[in-house]
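Here's a quick walk through a few local features of a model. Have a look at the structure first, then read on.

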Amino acid sequence: MLRTPTGGAGNGTATADDRPMSIGTVLVQLRDEFPEVTISKIRFLEAEGLVEPQRTPSGYRKFRRGDVERLAQVLRMQRDHYLPLKVIREHLEAVARGEQTALPAPDGERDLIDGSWTGGQGRATVARIGRTELLAAAEVTESDLDVWESYGLVVPAADGGYDAETVTIARLVADLGRFGLEPRHLRAMRAAADREAGLIEQVVAPLRRHRNPQTRAHAEATAKELAELSVRLHSALVQTALQVRLH
């Protein structure tokens, strides 16, 4: 949920509740709901025409509450509906014109209450999307995805589809690419992830082989908890290493 600055009620004027915000303040507010968002991402969305913050005479961006809410809308549609920015822009423009329009969805329509997809057999589901939807979600080309797969950064399932975690990976690889980090630079991260997964598997493997369904379920919960701890440790180690190098 977005953090709301304290102040008077909005009345269409620049009250304390609608004071201009820097891009850094916007980032802090968005990260409660979108922990992976970056300043680079916000600038990219601005460049794509999804948000138009005011500019000071010296060129600094100044965002209003409406800009932050619009950014949150865009990020939700990317995250929850795997929509390309062109489609999101068209949808928001239609809404601004007062048109009644439903969000488009790959091979079906998505229930906005529980997030499930509707449609016939074989259509996309929330747990698996096709190659076209992945390209749209990550906003990359076929050749980009081919390179990612050649380096093992993105791996399709046996049926050729991609799960939600793969969508997240694709978006992160794309975001890192905007900083000049190429797939060859990310191979070490892939190798480290595989090693960490191997360690977790060693811990839970005996539980997964157990005949008791409850024990096997406990194995899955344990694996998830270990993965979350591993990610937190990795993040802390990177931050510590950066502090040593930057000071």
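## A nonpolar patch

Val238, Leu242 and Leu246 make a nonpolar surface patch of about 270 Å². Patch members have over 30% relative accessible area and no salt bridge, with nonpolar side chains joined within 5 Å; a salt bridge is a Lys or Arg side-chain nitrogen within 4 Å of an Asp or Glu carboxyl oxygen. Areas are Shrake-Rupley with a 1.4 Å probe. Leu246 sits in helix H9 (residues 213-246) and is exposed, at 66% relative accessible area. For reference, exposed is over 50%, buried under 20%, and partly exposed in between.

## What you're looking at

This is a predicted model, where local features need pLDDT of at least 70, side-chain atom pairs need 80 or more, and totals for chains, interfaces and linings use all residues. Residues are numbered from 1 along each chain as its sequence is written, and side-chain values use heavy atoms, leaving out hydrogens and water.

## Helix H7

H7 covers residues 164-177 and reaches 20 Å from its first C-alpha to its last, close to the 20 Å expected at 1.5 Å a residue. Its buried residues include Val167, Ala170, Arg171 and Ala174. The buried set packs against helices including H2 (39-47), H3 (65-81) and H8 (183-208).

## Arg79

Arg79 belongs to helix H3 and is partly exposed, at 32% relative accessibility. Beyond its neighbours within four places in sequence, Arg79 is in contact (heavy atoms within 4.5 Å) with Glu33, Phe34 and Arg171.

Notes:
Helix = DSSP H or I, 4+ residues; strand = E, 2+ residues; numbered from the N terminus. Expected span 1.5 Å × (residues − 1). Buried < 20%, exposed > 50% of the residue type's maximum accessible area, 1.4 Å probe, protein only. Patch = residues over 30% accessible without salt bridge, like charges linked within 9 Å, V, L, I, M, F, W, Y side chains within 5 Å.
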